[in-house]
Amino acid sequence: MCELLGISRSRRDAATELMQRFQRRGGDIADNPDGWGIAYLESGTFALHKEPQSAARSRHYEELAREIRTDLLIAHVRKANYPPVNTLANTHPFKRVCCGREWIFAHNGLVPEIVEIMHRDPHPRCTPAGDTDSEYAFCHLLENIALHFNAPHPSGTESWFQILATVSELVATHGKFNFLISDGTYLIAYGHDRLHYREHRERGTDNSMRHEAWVATEPLTDEPWQPFERGELRIYHRGQLTGRLHTQPPPVK
């Protein structure tokens, strides 16, 4: 059922081996053959590449894995469930502009009831281009973020972080809701039932510290990865954890 990969780091660099390992999850060693997508930050904006076919057999994916150098990346391999159609419009990640920023979103899970909920709004601010419950959930998150994006917060933190956590908890009541989202500054990961992270740092040749964080549905290397707590939202900036919020979604049945 779909898989996610997120990378946040303190400087632009390649992630060839990690992306090659993730490629195999797209129809080779895991049953996610119905599309792939990679969004990565380049010169301040997101480049987005995707195909409605198996990542494991994609030459374009192979080329990108060798060429990409970035400090922020979200990737996805898809198992088509809702709807069971692998079209380009239904392929993750999805990109939208909201609150003066570009946003990228990818989802693992199934929350079909969110489609009906969104259809109740006669004047939606965000209209999906495809048919997936994932893109409808993305629009639902953005509409709620937009309502509070510029609101002041007494702690000095971004007020929309808490809104994102609260709405994510509500969406998770309708199924399984693990996702990655970014506004071009932060990599934010929500783990409902199936997500792992690895954080590390090292001193570079210039004596500066380099920070890096990986988030994936399943561990992609032999190094130790940590599972998310159920309902945990983790916020990364340039490879460092800058915030954690905890929600209480229902257990996945």
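Reader: Let's start with H1: which elements do its buried residues pack against?

Author: This is a predicted model, so take what follows as computed from it. In H1, Leu18, Met19, Phe22 and Gln23 are the buried ones. Seen down the helix axis, these residues fall within an arc of 145°, so they line one face of H1. The elements that they pack against are E1, E2, H2, E4 and E10.

Reader: And at what angle does H1 run to E1?

Author: Helix H1, residues 16-24, lies across several strands: E1 (3-14), E2 (36-42), E4 (69-77) and E10. Its angle to E1 is about 170°.

Reader: What about H2, at what angle does that helix run to E2?

Author: H2 covers residues 59-67 and lies across E2, E3 and E4. Its direction makes an angle with E2 of about 25°.

Reader: Which strands stand at the edges of the seven-stranded sheet?

Author: Reading across this open sheet, you get E3-E2-E4-E1-E10-E9-E11, with antiparallel pairing. Two of these strands have a single partner each, so one side of each is left without a neighbour in the sheet. Those edge strands are E3 (45-51) and E11 (226-227).

Reader: Inside that sheet, which residue is the bridge partner of Ser8 in E4?

Author: E1 and E4 run antiparallel and are joined by eight bridges. Look in E4 for the partner of Ser8, and you land on Leu72.

Reader: Then what is the bridge partner of Glu199 in E10?

Author: Here the strands are E9 (residues 196-203) and E10 (residues 209-216), which run antiparallel and are joined by eight bridges. In E10, Glu199 is partnered by Ala213.

Reader: Now the other sheet: which strands are at the edges there?

Author: Six strands make up this open sheet, in the order E5-E6-E7-E8-E12-E13, and the pairing is antiparallel. Each edge strand has a single partner, so one side of each is left without a neighbour in the sheet. On average, neighbouring strands here are turned by 20° against each other, direction ignored. The edges are E5 (94-98) and E13 (240-246).

Reader: Where is Arg194, and which residues does Arg194 touch?

Author: You'll find Arg194 in the loop between E8 and E9. Arg194 is partly exposed, at a relative accessible area of 24%. Although 22 residues separate Arg194 from Ala216 in sequence, their C-alpha atoms are 8.9 Å apart in space. Leaving out residues up to four places away in sequence, Arg194 touches Met1, Cys2, Glu3, Asn108, Asn178, Thr217 and Glu218.

Reader: I care about cysteines. Which ones does the disulfide join?

Author: The structure holds one disulfide. One of its cysteines lies in the loop between H3 (113-119) and H4 (133-148) and the other in H4, so the pair ties together parts that are 13 residues apart in sequence. The S to S distance is 2.0 Å, and the residues joined are Cys126 and Cys139.

Reader: Is the link of Cys126 and Cys139 left-handed or right-handed?

Author: Both ends are tucked away: Cys126 is buried at a relative accessible area of 9%, and Cys139 is buried at 0%. The angle about the S-S bond is -50°, and the link is left-handed.

Reader: Last one: how many residues of H5 are buried?

Author: H5 (residues 159-172) reaches 21 Å from its first C-alpha to its last, close to the 20 Å expected. Among its buried residues are Trp160, Phe161, Ile163 and Leu164. H5 is mostly covered, and of its 14 residues the buried ones number ten.

Notes
Residues are numbered from 1 along each chain as its sequence is written. This is a predicted model: local features need pLDDT of at least 70, side-chain atom pairs count only at pLDDT 80 or more; totals for chains, interfaces and linings use all residues. Side-chain values use heavy atoms; hydrogens and water are left out. Helices (H or I, at least four residues) and strands (E, at least two) are DSSP runs, numbered from the N terminus. The expected span of a helix is 1.5 Å times one less than its number of residues. Buried means under 20% relative accessible area, exposed over 50%, partly exposed in between (1.4 Å probe, protein chains only). Two strands pair if DSSP finds at least two bridges between them. Axes are lines fitted to C-alpha atoms, for helices over the stretch in contact, and angles run from 0 to 180 degrees between N-to-C directions. A disulfide is a pair of cysteine sulfur atoms within 2.5 Å. Contact means heavy atoms within 4.5 Å. The arc is that of the directions from the helix axis to the C-beta atoms.
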